[in-house]
Amino acid sequence: MFIIPAFNPTDQPLQYLKYARYGETPLEVAGYIITHPLSLFEGYGGLGKLNYIIFLLTPVGFLALLYPPLLATGIFSFATIFLSDANDLLLGKYQYSTSLVAPLILATIFGITWLVKRIKNVDSQRLIIFFTSTILFINVCLLFFHQWTPLSFSSALSIAYSPEKAKAAQEAIKLVPSNASVVASWRLGSHLAQRRNLFLIDTPYRVTADYVVITKYTEVACEEKPSQLRSCEATAEDYQKYVQEISSHPHYQPIFDQADIMVFKRIQPAKE
């Protein structure tokens, strides 16, 4: 919040965008949180941001809570995410929660040790086996039902999309050859990263790629024209202009249109 933005060469530190709902500067963010403490638990599903705490503690069976001193060593990393206004961070996506892994594991180990010492008349080795087996079972369940692994029922797309739309997205992505260049909307772009060239929708808009894979409506809309450093895709108006341009472009042919996901193939080579 303070050190990294201070050395940012631009006028719009990207870190501030994570806390835009609370204010534009660290002082404004701190002031808003102090005067509106309940705002920390607003949004992000039925339980608000408490869902993120559940997301962190469930894999360790909440046993990390038994040893607060070690758990507290991750307080600054936790606060960076918990106070942010970015749902992707609160969903546990990307690398942002990795700094909390060590405090959670160490606090869990010491928490189990603390608990075993206080349970009498039961063999300590059996207790340790029981707790570690329970944690292993919980994680297997999480991997099978939720996380992004081969064991999962569906891909990471199912977190952002309905089952029907996630299936359509998977089919659309398979239509793009690995040696092709492609323009993609934001949420689909990461799943096309293995193609020869990948471009996200930007300004000026690209109409030279071999394929275009987009949603009919922007899912990460900007309230105004995005700057060079941005956390959104395009304004709703600009995005619709792009969709209309590609849909009527003489050099592109639609080859897929399901669940608001469209794929266009270039039928005439682009000029170098």
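**Exercise 1.** Describe how helices α3 and α5 are placed relative to each other in this predicted model.

*Solution.* Two packed helices are described by the angle between their axes and the distance between the axes. Step 1: the axes of α3 (residues 50-57) and α5 (residues 75-82) come within 11 Å and cross at roughly 135°. Axes are lines fitted to C-alpha atoms over the stretch in contact, with angles from 0 to 180 degrees between N-to-C directions. Step 2: this angle makes α3 oblique to α5 (under 35 degrees is roughly parallel, over 145 roughly antiparallel, 65 to 115 roughly perpendicular, the rest oblique). Step 3: the crossing is right-handed, that is, the near helix is turned clockwise from the far one by less than a right angle.

Residues are numbered from 1 along each chain as its sequence is written. Local features need pLDDT of at least 70, side-chain atom pairs count only at pLDDT 80 or more, totals for chains, interfaces and linings use all residues, and side-chain values use heavy atoms, without hydrogens and water.

**Exercise 2.** Which residues of α3 and α5 meet?

*Solution.* On the α3 side, Y52, I53 and L56 take part; in α5 they meet F78, I81 and F82. By class, this contact has six nonpolar, no polar and no charged residues (Ala, Val, Leu, Ile, Met, Phe, Trp, Tyr, Cys and Pro count as nonpolar, Asp, Glu, Lys and Arg as charged, the others, Gly among them, as polar).

**Exercise 3.** State which residues of α7 are buried.

*Solution.* Buried means under 20% relative accessible area (1.4 Å probe, protein chains only). In α7 (residues 101-118), the buried residues are P103, L104, A107, T108, G111, I112, L115 and V116. Of the chain's 272 residues, 33% count as buried.

Conventions
Helix = DSSP H or I, 4+ residues; strand = E, 2+ residues; numbered from the N terminus. Contact = heavy atoms within 4.5 Å. Expected span 1.5 Å × (residues − 1). Buried < 20%, exposed > 50% of the residue type's maximum accessible area, 1.4 Å probe, protein only.
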